[in-house]
Amino acid sequence: MTFGTAGLLFPAISLLMLAYGNRFLGLASVARLLVVRYREAPEPSVRLQMENLRIRLMLLRHTQAAGVLSLLFCTGSVFALMLEQEGWSRLTFCVALLLMLLSLALSLREIYLSVQAINIELDDAIAERP
């Protein structure tokens with residue numbers, strides 16, 4: 001294993017963490033709007049949206065945590081290489097890869113819930129139509 005191999009994940013993790021951060025900011029904005037909307041008119045569809053959003057925020061928190069842990073283990077892999085501990089380097093790199101896979105799987109689940117939230121909004125709009 002080389003420094004180049006261990007360093008492969010750094011750009012990918014950085015880009016994903018940026019995307020996850022943007023996703024969080026978007027969800028936080030939607031949450032604030034839904035709270036105002038629900039206080040004005042506590043409709044069942046808005047409550048469903050809020051419940052969906054709570055699950056999505058929890059998933060995103062775990063997604064980000066897995067991404068950060070992946071970066072930590074990737075850094076640990078490089079550190080182990082510096083100490084000429086190839087066995088530890090391989091182990092920490094494998095853990096980093098597994099955490100990255102977990103992060104991506106959680107992100108995919110959140111995307112599916114996002115589509116479900118949009119469908120709730122569309123159903124609500126269709127129901128309001130005369």
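**Exercise 1. Explain the spacing of arginine 90 and glutamate 86 in helix α4, then describe their pairing.**

Step 1. Arginine 90 and glutamate 86 are 4 residues apart in helix α4, so about one helical turn separates them. Helices here are DSSP runs (H or I, at least four residues), numbered from the N terminus.

Step 2. The two side chains form a salt bridge, with the closest N and O atoms 3.0 Å apart. The term requires a side-chain nitrogen of Lys or Arg within 4 Å of a carboxyl oxygen of Asp or Glu.

Step 3. Arginine 90 is partly exposed at 45% relative accessibility. Glutamate 86 is partly exposed too, at 35%. Buried means under 20% relative accessible area, exposed over 50%, and partly exposed in between (1.4 Å probe, protein chains only).

**Basis of the values.** This is a predicted model: local features need pLDDT of at least 70, side-chain atom pairs count only at pLDDT 80 or more, and totals for chains, interfaces and linings use all residues. Residues are numbered from 1 along each chain as its sequence is written, and side-chain values use heavy atoms, leaving out hydrogens and water.

**Exercise 2. Characterise the salt bridge between glutamate 110 and arginine 23.**

Step 1. Their side chains meet at 2.9 Å, N to O.

Step 2. Glutamate 110 lies in helix α4 and arginine 23 in helix α2, so the pair links distant parts of the chain, 87 residues apart.

Step 3. Glutamate 110 is buried at 2% relative accessibility. Arginine 23 is partly exposed at 31%.

Step 4. Widen the view: Arg23, Arg56 and Glu110 are linked in a network of salt bridges. The structure holds 6 salt bridges.

**Exercise 3. Determine how α3 packs against α4.**

Step 1. Helix α3 spans residues 44-82 and helix α4 residues 86-128. Their axes lie 8 Å apart, at an angle of about 165 degrees. Axes are lines fitted to C-alpha atoms, for helices over the stretch in contact, and angles run from 0 to 180 degrees between N-to-C directions.

Step 2. That angle makes α3 roughly antiparallel to α4, a label for angles over 145 degrees.

Step 3. The residues of this contact divide into 20 nonpolar, 15 polar and 5 charged.

Note on methods:
Helices (H or I, at least four residues) and strands (E, at least two) are DSSP runs, numbered from the N terminus. Angles under 35 degrees count as roughly parallel, over 145 as roughly antiparallel, 65 to 115 as roughly perpendicular and the rest as oblique. Ala, Val, Leu, Ile, Met, Phe, Trp, Tyr, Cys and Pro count as nonpolar, Asp, Glu, Lys and Arg as charged, and the others, Gly among them, as polar.
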